[in-house]
Structure formats: structure tokens, C-alpha cells
Amino acid sequence: MSNKFSVLEFFKQFPDDDACLEHLMETRYGKQLVCPKCEKDSKFHRVTGRPVYACQYCGHHISPMAGTPFEKSRTPLQKWFYAVYLFTTSRHGVPAKELQRQLSVTYKTAWRMGHEIRKYMGEVDGDDGLSGHVEVDETYIGGRKKGVQFRGGHLGKTTVFGMVERGGKVITRIVPNRRSSTLTPHIVDNVASGATVSSDEWAAYKNLSREGFTHGACDHSNEEWVNGIHHTNTIEGFWSRVKTSIRGTHIHVSKKYLANYLVEFEYRYNMRTNPSLMFDRLLQSF
Ligand SMILES: [Zn+2]
């Protein structure tokens with residue numbers, strides 16, 4: 001994806017804060033719009049020295065940063081744009097330390113910027129329903145270092161449930177447990193009725209046929225990894241990518257922020273076929 005939008009191209013397109021503001025104005029409002037005040041079809045011109053544009057007829061001001069995380073931030077717009085660029089071109093996520101280093105901002109600022117950008121990644125992504133052939137699986141993420149034993153086996157870890165359409169999108173949810181009464185409603189809410197659903201042998205999935213799905217399972221406990229068309233390799237591949245990235249780039253992800261990170265991984269996975277659109281889609285979402 002980076003050969004479509006290289007660092008050099010980024011700085012050519014966004015050499016300074018003014019260029020970023022111009023781009024933000026264009027992606028949010030367009031070059032010409034009906035003025036909300038005088039209601040004329042007007043061209044808006046940049047007001048010198050201020051981050052606003054003025055109506056050519058009545059002088060009404062529009063601020064392209066209004067309602068975005070840039071508005072109240074003291075961090076220059078170009079740094080924000082570069083942070084968005086890093087998020088949309090990275091394969092494994094952008095740790096706050098890395099943002100801090102690349103943008104020359106404090107760790108606290110870098111952490112906040114990352115948090116804001118992930119929030120919008122979730123909004124762009126949305127959660128359209130899945131259909132066709134869907135794989136479902138739960139996993140445990142986070143917790144303490146290896147070797148520290150917990151009573152009950154998975155204390156300290158967060159249970160995450162995932163659904164992925166083969167060749168399509170992934171949806172994840174943080175869940176309190178892996179019971180049928182917890183997982184089934186997520187499947188019913190997000191997967192089209194009549195879709196084919198593949199899972200492992202976990203008892204919580206046994207009732208999926210009764211819910212109107214064509215369900216099939218692999219008995220992983222008996223080392224059955226493929227059962228005809230049924231396997232869970234796609235969702236397991238997604239989990240492994242999430243876990244590797246969290247281990248490699250984020251020292252510790254608390255339960256509180258895990259949802260935020262999952263959104264980022266979902267977004268990246270779901271935009272994988274058109275990564276060049278990620279940057280503008282994200283800016284439009286603000
Ligand atoms: Zn006007």
C-alpha cells in the first residue's frame with residue numbers, strides 16, 4: 001500500500017498546515033457550496049492568518065476543523081495528518097512511542113492522538129452485516145506475562161468473539177464469557193439468516209442450525225482442522241495477526257483499551273482491498 005502513497009508523496013501533497021487545511025476543507029465541504037447564511041452558491045476563500053474560509057458574498061465563516069479532533073488540539077494540523085497517514089499505511093498498528101518519536105510530541109499527546117484516530121477508524125468501518133460463508137471463533141487476548149498462573153486459567157485475559165465473512169469483513173466483540181447465551185445473539189445480529197457458519201466443536205455453537213444457519217464444525221479437540229467446507233482458518237489468521245501486533249507494538253493493552261485496538265485491526269482488515277482509500281475516508285469521517 002505504501003507504494004501507492006509514499007512518505008515523499010505525503011509531504012509533496014501536504015507540505016504545510018495550510019495545505020492540510022485546504023484538503024480538509026475540500027474533503028468535508030467541497031470547493032463550492034451553498035452558503036448556510038446567504039444561501040448563495042458560493043466559493044469560499046481562505047481568510048489570511050486564520051484557519052477559516054469565508055463566503056465570497058456575505059463573508060460568513062466556515063471552519064474545516066470544527067467538530068474534528070484537530071479543532072481543540074494545539075498540535076499542528078500537518079502532524080495530525082501525518083499521524084493519520086501512519087495509521088492508514090501501517091500493517092501492524094502504530095504504538096504511541098513511535099508517534100511520539102516521528103512527530104516530536106510528548107508521549108501523552110501521541111497517546112491521545114492515537115486514541116482519537118482509532119475512534120474514527122471504527123466509525124468509518126461501521127458494522128455492515130456478514131453473509132455467505134462466515135467463520136466464528138472466540139479467543140483470549142491480553143493478561144499478564146507467561147508463567148504467571150491464575151486461578152481459573154484465563155483470569156487477567158479478555159474474551160473476544162469474532163465473526164469473519166470469507167473474502168469479506170470481520171466483526172469483533174468483547175464478551176463477558178463464551179456461553180451460548182452470550183455468543184448466539186451476536187451471530188444473529190450480525191450474520192444474515194440462512195448464511196453458512198463454520199466453527200469449532202465448542203458447545204455454544206451447537207444450536208446455530210436452530211437459529212436458521214447452515215452450521216458445520218471441526219472437532220479441534222480431535223485434531224480435525226477441516227471438515228468439508230468447514231474450517232476456521234480465516235478467523236484464526238485474524239486473531240494471530242492481532243496478537244502478534246499487540247505483542248510487538250503495544251507493551252500492554254488493558255481491557256479498557258482493547259476495544260479501541262480491535263477497532264483499528266478490524267478497520268485495517270476490512271480496508272485491505274483498497275488501502276489507498278483509507279486516508280481520505282478517515283479524513284472525511286471527522
Ligand atoms: Zn454567504
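Gly126 sits in the loop between helix 5 (107–125) and strand 5. Helices here are DSSP runs of H or I with at least four residues, strands are runs of E with at least two, and both are numbered from the N terminus. Gly126 is exposed, with 10 other C-beta atoms within 10 Å. Gly126 is 137 residues from Val263 in sequence, yet their C-alpha atoms are 9.7 Å apart in space.

The model is predicted: local features need pLDDT of at least 70, side-chain atom pairs count only at pLDDT 80 or more, and totals for chains, interfaces and linings use all residues. Residues are numbered from 1 along each chain as its sequence is written.

Now follow the chain into the strands. Strand 5 (residues 133–141) runs antiparallel to strand 6, and eight bridges join them. Two strands count as paired if DSSP finds at least two bridges between them. Val136 has Met163 of strand 6 as its bridge partner. Strand 6 also pairs with strand 7 (residues 170–174), again antiparallel, over five bridges. Four residues lie between strands 6 and 7 in their hairpin, where Gly167 takes a positive phi near 75°. Strand 6 (residues 158–165) has seven of its eight residues buried, so the rest of the structure largely encloses it.

Two other residues have positive phi without being glycine. Ser104 has a phi of about 50°. Its place is the loop between helix 4 (96–103) and helix 5. Ser104 is exposed, with 10 other C-beta atoms within 10 Å. Glu223 has a phi near 60°. Glu223 lies in the loop between strand 9 (214–218) and helix 7 (233–249). Glu223 is exposed too, with 7 other C-beta atoms within 10 Å.

What holds the interior? The largest nonpolar core has 33 residues, and Trp80, Ala83, Val84, Leu99, Ile117 and Leu282 have the most contacts inside it. Such a core is a set of buried Ala, Val, Leu, Ile, Met, Phe, Trp, Tyr and Cys residues joined through C-beta atoms within 7 Å. Helix 3 (77–89) is among the elements that give two or more residues to this core. Helix 3 supplies the largest share, eight residues. Apart from this core lies another, of 26 residues, including Phe161 and Leu208.

Key. Buried ≥ 20, exposed ≤ 12 C-beta atoms within 10 Å, placed from the backbone.
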